[in-house]
Amino acid sequence: MAASPATEARTTEVRTTEVRPPRTGGSRRQVRGTAAAPSSYKRRRVRENLTAYAFLAAGIVVFALFSWYPIVRGLLLGFQEVTFAQPARWVGLDNFQRLFDDPLFLTAWQNTGWFTLLALVFGFATPFVTAVVLNEFRHASGFLRMAVYLPVMLPPVVTMLLWRWFYDPGPGLFNNVLEVLHLPAQQWLESEHLAMVSLVIVSTWANMGTTTLIYLAALGGIPGELYEAAELDGASIRQRLWHVTLPQMRFILMITLLLQIIGTMQVFIEPFVLTGGGPDDATVTVLLLLYRYAFVYNDFGLASAMSTVLFVVLGLFAAVYLRLTRSK
């Protein structure tokens, strides 16, 4: 069947409008340019990765040298007899046996547990109450927060020496106040019943600033609509605190509780500076006993065994902390 004139015209138009292929030289330059771009990009990526790995390797080396190596070395010393005058001698579990046979070992753990319990009673509730009160202030809030945080910025030894003067049985501030109130003077650091409480008060005053600021930040994150709805329902201040504030801060309170337990179990500066573990070993803590083993009795193997036991106990609390934060 013969094609129509219109079909032949369209075919001729298509043939005449066909695009000629590019010249050979232009095609080579284009291929060469496209091949060079990925190559330079790969080299740049390799240089960037090598630089990043170099910085990372330096950090890992420093961390391993000053953190991992002392931990591993301390664990090994717990199974050795170390005098630093002769080569270390492997003794197995003898250090742990001597540690558990020492009557001060149990006393130190009891005192540390008592300090931790008192610190939770005073040191856990006081920052929360302080944060709730400061959160209600609309004027001079910055000054009040700075005043609460100021003790944290003081060197710990300076804080201890200041409070030693407060507790002085002669010209001390507290006994002078009791004298004005016509109350009997107290032996704050010389009494077996008051010494530990006195240490807890010092520790609470010196460390509550950081926890208070954490609570203030958490309080600022609670939606105001919840308090407004509670006020419309006729809730009192105590009811708003119990049904709005505490549920909203439950996670923060749990984390600070675990961190405070871990921190108070490592108490050392307070009994070391203020009481030296006395009176009658009433304030000997785990770290203070560890210090005595190492630097008073020069028994570094026994001190390392003590640190290993403390490491295991604190590791359990750290595992709970990590589990809570990961689940959250």
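Student: Which residues lie nearest the centre of the largest pocket?
Tutor: In this predicted model, the largest pocket has a volume of about 650 Å³, and its lining is made up of 31 residues. Among those lining residues, the ones that lie nearest the centre of the pocket are Ser203, Asn207, Met208, Gly263 and Thr264.

Student: Which helix gives the largest share of the lining of the largest pocket?
Tutor: At least two lining residues are supplied by each of helix 4, helix 5 (141-153), helix 6 (156-166), helix 8 (195-220), helix 11 and helix 12 (269-275). The largest share of the lining amounts to 9 residues, and these come from helix 8.

Student: Is Thr116 buried or exposed, and what is its relative accessible area?
Tutor: Thr116 lies in helix 4, and, with neighbours within four places in sequence left aside, it is in contact with Ile261, Thr264 and Met265. Of these partners, Thr264 is also one of the residues nearest the centre of the largest pocket. The cut-off for a buried residue is under 20% relative accessible area, and Thr116 therefore counts as buried, with a value of 9%.

Student: Which element provides the largest share of the largest nonpolar core?
Tutor: That core has 23 residues, of which Leu99, Trp109, Leu289, Tyr293 and Met306 touch the most other members. Two or more residues each are given to this core by helix 3, helix 4 (103-135), helix 11 (250-264), helix 13 (286-296) and helix 14 (300-327). The largest share is 7 residues, and the element that provides them is helix 14.

Student: With which residues is Trp109 in contact, leaving aside its neighbours within four places in sequence?
Tutor: Trp109 belongs to the group of core members that touch the most other members, as does Met306. Once neighbours within four places in sequence are left aside, the contacts of Trp109 are Met265, Val286, Met306, Val309, Leu310 and Val313.

Student: How many residues are in the second, separate core?
Tutor: Apart from the core that holds Trp109, there is a second one, which includes Leu118, Val200, Val273 and Leu274. The number of residues in this second, separate core is 17.

Student: What distance separates the C-alpha atoms of Leu289 and Leu104?
Tutor: Leu289 is placed in helix 13 and is buried, with a relative accessible area of 0%. Not counting residues up to four places away in sequence, Leu289 touches Leu104, Phe105, Ala108, Val284 and Met306. Although Leu289 and Leu104 are 185 residues apart along the chain, their C-alpha atoms are separated by 7.8 Å.

Student: How many of the residues of helix 13 are buried?
Tutor: The buried residues of helix 13 are Val286, Leu287, Leu288, Leu289, Leu290, Arg292, Tyr293 and Ala294. Helix 13 is thus mostly covered, and the count of buried residues among its 11 is 8.

Student: Which backbone oxygen lies 3.0 Å from a polar atom of the side chain of Asn95?
Tutor: Asn95 has its place in helix 3 (residues 94-101) and is buried, with a relative accessible area of 3%. With neighbours within four places in sequence left aside, Asn95 is in contact with Leu77, Gly78, Phe79, Gln80, Gly301, Leu302 and Ala305. Among these contacts, the residue whose backbone oxygen lies 3.0 Å from a polar atom of the Asn95 side chain is Gly78.

Student: Why is the pair of Trp165 and Phe166 described as it is?
Tutor: The whole structure contains 21 aromatic pairs. In this one the ring centres are 5.4 Å apart and the planes stand at 55°, whereas planes under 30 degrees apart would count as stacked and those over 60 as edge-to-face.

Student: At what angle do the ring planes of Phe295 and Phe300 stand?
Tutor: Phe295 is exposed, with a relative accessible area of 58%, and the centres of the Phe295 and Phe300 rings are 6.0 Å apart. The pair is edge-to-face, because the angle between the planes is 90°.

Definitions and conventions
Residues are numbered from 1 along each chain as its sequence is written. This is a predicted model: local features need pLDDT of at least 70, side-chain atom pairs count only at pLDDT 80 or more; totals for chains, interfaces and linings use all residues. Side-chain values use heavy atoms; hydrogens and water are left out. Rings of Phe, Tyr and Trp (its six-membered ring) pair if their centres lie within 6.5 Å; planes under 30 degrees apart count as stacked, over 60 as edge-to-face and the rest as tilted. Buried means under 20% relative accessible area, exposed over 50%, partly exposed in between (1.4 Å probe, protein chains only). Helices (H or I, at least four residues) and strands (E, at least two) are DSSP runs, numbered from the N terminus. A polar contact is a pair of N or O atoms within 3.5 Å; within protein, one must be able to donate a hydrogen and the other to accept it, and residues adjacent in sequence count only if both atoms are side-chain atoms. Contact means heavy atoms within 4.5 Å. A nonpolar core is a set of buried Ala, Val, Leu, Ile, Met, Phe, Trp, Tyr and Cys residues joined through side-chain atoms within 4.5 Å. On a 1 Å grid over the protein atoms alone, a cavity is a set of points where a 1.4 Å probe fits but cannot get out, and a pocket is an open set with protein on both sides within 12 Å along at least five of seven lines; lining residues have an atom within 4 Å of a point. Grid points are joined across faces, edges and corners, and a volume is the space filled by probe spheres set on the points.
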